[in-house]
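Biologist: Hi! Could you walk me through this structure while I have it open on my screen?
Modeller: Happy to, here it is.

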Amino acid sequence: MKSIDLRSDTVTLPSPAMREAVYKAELGDDVFAEDPTVNRLEQMAAERMGKEAALLVVSGTMGNVTCVLTHCRRGDEVILGDRSHTFLYEAGGVSALGGVHPHTIANQPDGTILPDEIAAAIRPDNVHFPRTRLICLENTHNRCAGSPLSVEYTNAVAALAKKRGLLLHLDGARIFNAAIALGVDAKELARGADSVTFCLSKGLAAPVGSLVCGSAEFIAEARRTRKVLGGGMRQAGIIAAAGIIALEQMVDRLAEDHENAKRLAKGIANIDGLSINVENVRTDIVYFEVAGDRLTAQQLTVELAKKGVKILNIGPGRLRAVTHYGITADDIDIAIKAIREAAA
Ligand code: TLP
């Protein structure tokens, strides 16, 4: 029985071209900035995001915490969505490691946080308050249906940040999914941000790594933060080699994942006992709910696992499936059939 693992796009395995590139990678000591493969990947990443420089980090979590700690001092405040990955799923790193105070604003169903609410959350200069320093956005927005945030929206928040003397960080873990869904260059989505992170190890299928991108001055400081976090790596070209292939070969194919996600969503919409908003599915992430009390999300995931299909129960009554490299349209049809049987 073939396992169809839809828990996340992080489960992707490296392509044959990546394995070959890893084998052949030219290496050096990256803490001395002497790994030619890392240097090349960082240059490519900066170029892709329209920034001066980039820094390879281990993970998206490390990228976000590196950026927040580089932008903020202890006691500063960051404004971010209440369903953002940085707030929900990064072990409280910005406060645990940086002493940075999170100020959450309700995420709208489309992943935005409203500019008026951001403006209202910015603290006046008063000895009682933390200093507002940074705004964070997430694109695509994982918990909000994998929604892509538009160029116009991002620019509006960037303009607000600039006007109020704040910085903007973009968690672009899946920024290429957003770019493909919107039909724009990823650069345009990153233009207004002072820093942006994107991940190699999600839909782009590399085994490890994320890139932090920004001005040369910011990246020099971020390099120091990365060192503090223990993230100065040595022959990291082993990681970067697969990352280069990810950028060269795996970006355009994300469109296929989006089509498969839509196919899955349409299939789920026809299954009794489940509810889904098909229109919300615009990238590779599919959320759906169990309707009524006949079946729990937990029962559904357990039954599905017996049929070789893995999805995530993210609780109460809510499930997530993510399409990715290695999952075909045929796999989606098999998964739909399994979900129908399990739901029955
Ligand atoms: N997301 C993972 C889990 O942690 C939930 C997933 O399976 O979706 N930003 C965003 C928007 C993310 O979705 C993730 C990972 C990260 C940052 C963190 O990346 P990693 O896992 O590389 O630390």
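Predicted model: local features only at pLDDT ≥ 70, side-chain atom pairs only at ≥ 80, totals over all residues.

Biologist: Good. Where does Thr140 sit, then?
Modeller: Thr140 lies in the loop that links strand 5 (131-138) with helix 7 (151-163).

Biologist: And what is the peptide bond from Asn139 to Thr140 like, cis or trans?
Modeller: That bond is cis, and its omega is near 0°.

Biologist: Which residue from elsewhere touches that spot?
Modeller: Arg174 is in contact with both Asn139 and Thr140. Leaving aside neighbours within four places in sequence, the contacts of Arg174 also include Ser8, Asp9, Asn142, Lys202, Asp284, Ile285 and Arg320.

Biologist: Is Arg174 buried or exposed?
Modeller: Arg174 counts as buried, because its relative accessibility is 6% and the cut-off for buried is under 20%. You'll find Arg174 in the loop between strand 6 (167-171) and helix 8.

Biologist: Since you mention helix 8, how does it pack with helix 12?
Modeller: Helix 8 (residues 175-182) and helix 12 (residues 254-269) pack with their axes 9 Å apart, at an angle of about 75°. That angle makes helix 8 roughly perpendicular to helix 12.

Biologist: Which residues make the contact?
Modeller: Helix 8 brings Phe176, Asn177, Ile180 and Ala181, and helix 12 brings Leu254, Ala255 and His258. Sorted by type, the residues of this contact are five nonpolar, two polar and no charged.

Biologist: What about helix 13 and helix 14, at what angle do they cross?
Modeller: The axes of helix 13 (residues 297-306) and helix 14 (residues 329-343) cross at roughly 125° and come within 9 Å. The two helices are therefore oblique to each other.

Biologist: Is that crossing left-handed or right-handed?
Modeller: The crossing of helix 13 and helix 14 is right-handed. On the helix 13 side, Leu300, Glu303 and Leu304 take part, and they meet Ala338, Ile339, Ala342 and Ala343 of helix 14. That contact divides into six nonpolar residues, no polar ones and one charged.

Biologist: Switching to cysteines: how many disulfides are there?
Modeller: The count is zero disulfides.

Biologist: Are Cys72 and Cys199 buried or exposed?
Modeller: Cys72 is buried, with a relative accessible area of 3%. Cys199 is buried too, with a value of 3%.

Biologist: Last topic, backbone angles. What is phi at Ala91 and at Ala205?
Modeller: Phi of Ala91 is near 55°, a positive value in a residue that isn't glycine. Ala205 isn't a glycine either, and its phi is positive at about 75°.

Biologist: Where are those two alanines?
Modeller: Ala91 is in the loop between helix 4 (85-88) and helix 5 (93-98). Ala205 is in the loop that runs between strand 7 (195-199) and strand 8 (210-214).

Biologist: And which of them is buried, which exposed?
Modeller: Ala91 counts as exposed, at 77% relative accessibility, whereas Ala205 counts as buried, at 0%.

Methods. Residues numbered from 1 in each chain as written. Heavy atoms only, no water. Axes fitted to C-alpha atoms, helices over the stretch in contact; angles between N-to-C directions. Helix = DSSP H or I, 4+ residues; strand = E, 2+ residues; numbered from the N terminus. Parallel < 35°, antiparallel > 145°, perpendicular 65-115°, else oblique. Left-handed = near helix turned anticlockwise from the far one by under 90°. Contact = heavy atoms within 4.5 Å. Nonpolar A, V, L, I, M, F, W, Y, C, P; charged D, E, K, R; others polar. Disulfide = S-S within 2.5 Å. Buried < 20%, exposed > 50% of the residue type's maximum accessible area, 1.4 Å probe, protein only.
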